[in-house]
There are 2 protein chains.
Amino acid sequence: MSALIEPKVLKGFRDFLPERESQRLAIIGRLEESLRLFGFPPIDTPVLEYAEILLGKGGGETDKQVYRFTDHGGRDVALRYDLTVPFARFMAAHLSELPLPFKRYHAAKVWRGENTQRGRYREFMQVDFDIVGADSASADLETLLLIRECMQRLGLERFTIRYAHRGVFSEFLSGLGLSDKSVDVLRIIDKERKIGREKAGMMLSEIVGDALTAKIMDFITVGASTMDTLEKIKAAAGDSADGMARLTELSRCLSDLGYRDRFVLDPSITRGLDYYTGLVCETFLSDLPEIGSICSGGRYNELASLYTRQSLPGVGASIGLDRLMAAMEELKILPPAAAGPSVLVFFLEDALLSSYHRYAAELRAAGIPAEVFPENKKLPAQFAYAEKRGIRFALIHGQEEAAKGTVGLKDLRTRESWQDLSPAEAVEKTKELLR
Amino acid sequence: MSALIEPKVLKGFRDFLPERESQRLAIIGRLEESLRLFGFPPIDTPVLEYAEILLGKGGGETDKQVYRFTDHGGRDVALRYDLTVPFARFMAAHLSELPLPFKRYHAAKVWRGENTQRGRYREFMQVDFDIVGADSASADLETLLLIRECMQRLGLERFTIRYAHRGVFSEFLSGLGLSDKSVDVLRIIDKERKIGREKAGMMLSEIVGDALTAKIMDFITVGASTMDTLEKIKAAAGDSADGMARLTELSRCLSDLGYRDRFVLDPSITRGLDYYTGLVCETFLSDLPEIGSICSGGRYNELASLYTRQSLPGVGASIGLDRLMAAMEELKILPPAAAGPSVLVFFLEDALLSSYHRYAAELRAAGIPAEVFPENKKLPAQFAYAEKRGIRFALIHGQEEAAKGTVGLKDLRTRESWQDLSPAEAVEKTKELLR
């Protein structure tokens with residue numbers, strides 16, 4: 001006997017058993033329904049791409065985390081680490097075939113060789129949606145409204161979508177003479193929710209000094225009302241700031257639509273990533289502030305500039321499905337796992353095998369999920385199996401029933417049972433009880 | 001300006017644009033409906049596994065094709081090349097948590113660095129389903145019936161599921177004294193459909209000589225009826241052959257159920273893979289014989305023996321989704337691509353942006369997919385966009401309508417239009433016309 005191989009998965013990777021996988025599919029199904037209502041169709045791209053496509057000619061902060069290797073043909077390839085970069089490549093590759101503005105969603109796995117200590121996974125799933133080809137308040141607004149729709153359709157009730165404008169923040173920093181330090185400042189502000197206001201202030205002070213830190217900390221403070229916040233931003237960043245009109249219009253529309261309680265204009269939202277240029281937003285659950293944003297996004301005005309000279313302004317957001325599922329589990333609002341089949345046809349006589357499969361076929365033809373217990377085993381084993389799978393009805397057809405041409409039906413939940421049914425009556429009875 | 005990166009995908013990999021991706025999702029949805037009716041729940045496993053798990057301690061024929069590399073942690077890892085091996089590892093890892101018999105399906109991508117010249121892809125999708133923990137005619141039968149159900153639900157009409165018994169074939173070869181050559185013989189027979197009878201005969205002759213080749217060629221010939229074929233197999237392999245009773249029972253049940261025209265007992269079906277021990281089957285389209293089998297499977301009685309000492313007999317099948325889609329395209333029975341949204345709210349006045357999004361929200365609340373054109377552009381551009389996206393209705397709300405508090409609706413297909421509707425009437429009218 002040769003030694004066994006331990007059946008383990010890689011650290012940061014997971015199996016999804018039927019219960020969890022059917023819940024994940026149900027969540028994706030609800031998100032897809034929201035996306036469909038907003039007119040976003042699906043696309044797919046390869047899991048593996050040229051490393052140059054994913055990392056650019058240089059290679060940035062993410063490089064260390066990327067699964068990168070040389071394939072059989074000597075190509076330098078990598079597993080995608082997000083859905084945004086492959087989408088940029090996709091847009092550049094298919095520009096002539098796509099209607100602009102172009103909307104799409106992509107629900108798929110991505111991989112990052114991250115430190116798994118903080119409950120992070122190395123294989124995780126994202127659902128991204130974007131509108132490309134329009135730099136407009138309407139596209140920004142649609143993104144925000146779709147995030148709201150997705151959260152509501154998942155049964156999340158206490159959530160807030162916080163938004164701001166990265167361009168306005170940049171103008172503000174430029175007014176303070178901090179343009180050359182803006183990347184560092186934005187990164188610290190982006191961490192503020194996690195590390196706390198005090199620590200963020202200390203880190204800022206080291207870079208820009210106390211006086212400017214005070215101004216920045218004031219700038220990122222939410223006002224008593226959206227109007228107040230807008231006024232404060234305007235006073236600090238200047239009314240001429242490119243994004244000010246956009247931010248004002250978005251705020252007005254959200255108020256017009258009666259969504260003021262869902263959306264908070266929050267200038268501390270900056271998003272760490274370099275590519276945002278306009279709207280930025282994050283979504284927080286009031287009951288689970290510690291898990292951070294479960295849907296984040298914003299506007300980037302040069303999506304695909306690595307691959308094409310055509311200007312492709314876009315706006316979109318990304319749902320972190322694993323974090324979302326963890327949150328829904330904690331809030332006890334995960335969709336129910338898909339049930340087992342409704343009926344188990346018991347296997348009582350070898351000679352009746354065809355009949356068992358015929359009855360199952362008749363149930364299925366009526367839309368009722370059914371299966372035949374695969375072996376002629378003792379009754380307790382078959383009952384135990386039905387219970388473990390959550391199967392509600394047993395269809396009984398032994399020698400006795402075969403002689404009469406009938407079947408018995410048993411509701412395993414209520415223990416009620418019906419005898420001497422014709423197979424067609426059993427189907428009808430099951431249908432009726434399932435209603 | 002820095003040089004652009006060419007936005008190309010790797011050879012053998014593909015993007016799926018909205019039309020094709022929504023068709024793929026529709027096909028998977030239909031398969032999932034069939035699987036649900038048969039009581040198969042979904043699972044998922046990691047894309048990346050330890051190479052040892054996927055390839056065993058040695059490493060077989062597939063090795064050259066496997067995407068294998070060393071990760072950041074120095075681990076020897078690989079992308080899965082099928083869904084069967086990860087499933088075996090999954091069963092061994094989760095035995096204590098799973099009800100036996102255990103059924104599951106897995107619809108996911110796999111990767112093989114194959115020669116792409118024959119229209120093969122390096123990234124492709126499989127839909128696998130299996131029943132583990134029962135070595136029975138009923139489980140074999142359920143697999144065959146589920147293949148039939150899947151094919152029918154996809155709208156395939158002219159298909160044949162050919163089945164045989166690998167164990168019986170082995171006994172036959174053993175009776176001819178060819179046990180030590182059985183792998184080679186089985187591989188040649190497996191190729192016979194592709195290379196032709198004559199060539200297969202020549203290749204066999206080289207290995208076993210003319211006399212035995214004649215016997216083998218006779219054995220793999222389908223008889224005039226299932227009964228004839230059964231008799232012929234029995235005469236050649238011996239009635240005592242383990243699998244003979246199973247094969248007879250399966251044939252009887254398929255006939256009892258009235259499916260004789262769908263299923264052909266065909267002793268030339270052997271499947272190349274080593275792990276099959278009992279039933280083997282392949283599915284052919286009568287109108288496209290050249291594409292080969294679109295759903296193949298069989299029984300393996302030691303699924304997970306690399307990872308556990310527990311015996312795990314199983315039976316299942318695998319649908320090659322890419323080949324299936326290519327066939328459905330050729331037969332012109334691909335499901336229609338998901339339509340764009342039903343309504344485009346035209347963007348006519350900047351000041352009315354909130355109203356546009358409110359009307360879209362009201363349509364969506366009634367279950368009607370709707371989107372707002374994202375910019376205030378000239379009418380022809382908005383009409384052209386609606387046409388490209390296949391959007392049926394335009395909702396019109398300009399200065400004039402705003403003054404009256406009404407909207408106009410236009411059916412872009414029939415050119416009919418309705419004026420002076422209240423927003424609620426427009427929703428009702430759209431609903432009515434979509435019915």
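Which side chain meets that of R89(A) in a salt bridge, and at how many Å, N to O?

Modeller: The partner is D15(B), at 2.6 Å, N to O. A salt bridge here is a side-chain nitrogen of Lys or Arg within 4 Å of a carboxyl oxygen of Asp or Glu. R89(A) lies in helix 3 (residues 84–94) of chain A and D15(B) in the segment before helix 1 (18–37) of chain B, so the pair joins two chains. Helices (H or I, at least four residues) and strands (E, at least two) are DSSP runs, numbered from the N terminus.

Some ground rules. This is a predicted model: local features need pLDDT of at least 70, side-chain atom pairs count only at pLDDT 80 or more, and totals for chains, interfaces and linings use all residues. Residues are numbered from 1 along each chain as its sequence is written, chains are lettered from A and ligands numbered from 1 in the order in which they are written, and side-chain values use heavy atoms, leaving out hydrogens and water.

Now the rest of the charged pairs. The rule finds ten salt bridges across the interface of chain A and chain B. One of the salt bridges in the structure pairs K103(A) with E371(B), at 2.9 Å, N to O. Over all chains, the structure holds 70 salt bridges. Polar contacts across the interface of chain A and chain B come to 34 residue pairs, both residues at pLDDT 80 or more. Such a contact is a pair of N or O atoms within 3.5 Å; within protein, one must be able to donate a hydrogen and the other to accept it, and residues adjacent in sequence count only if both atoms are side-chain atoms.

On chain A, helix 1 (residues 18–37) gives the largest share of the side that touches chain B, eight residues. That side of chain A divides into 59 nonpolar, 17 polar and 34 charged residues. Ala, Val, Leu, Ile, Met, Phe, Trp, Tyr, Cys and Pro count as nonpolar, Asp, Glu, Lys and Arg as charged, and the others, Gly among them, as polar.

Next, the extent. The contact takes 110 residues from chain A and 110 residues from chain B, where contact means heavy atoms within 4.5 Å. The two chains bury about 9,000 Å² between them, 63% of it on carbon and sulfur atoms. Buried area is the accessible area (1.4 Å probe) that two parts lose on being put together, summed over both. L4(A), I5(A) and L10(A) supply 8% of the area that chain A buries against chain B, more than any other three residues.

A rotation of 180° with 0.0 Å of shift along its axis superposes chain A on chain B, with an RMSD of 0.1 Å. That is the relation of a two-fold axis. In chain A, F69(A) has the C-alpha nearest the axis, 3.1 Å from it. Copies are superposed by least squares on the C-alpha atoms of residues with pLDDT of at least 70 in both. The copies meet through the same surface, because 100% of the interface residues of chain A are also interface residues in chain B.

L100(A) and P101(A) are joined by a cis peptide bond, with omega about -5°. P101(A) sits in the loop between helix 3 and strand 4 (102–111) of chain A. In chain B, the peptide bond from L100(B) to P101(B) is cis, with omega near -5°.
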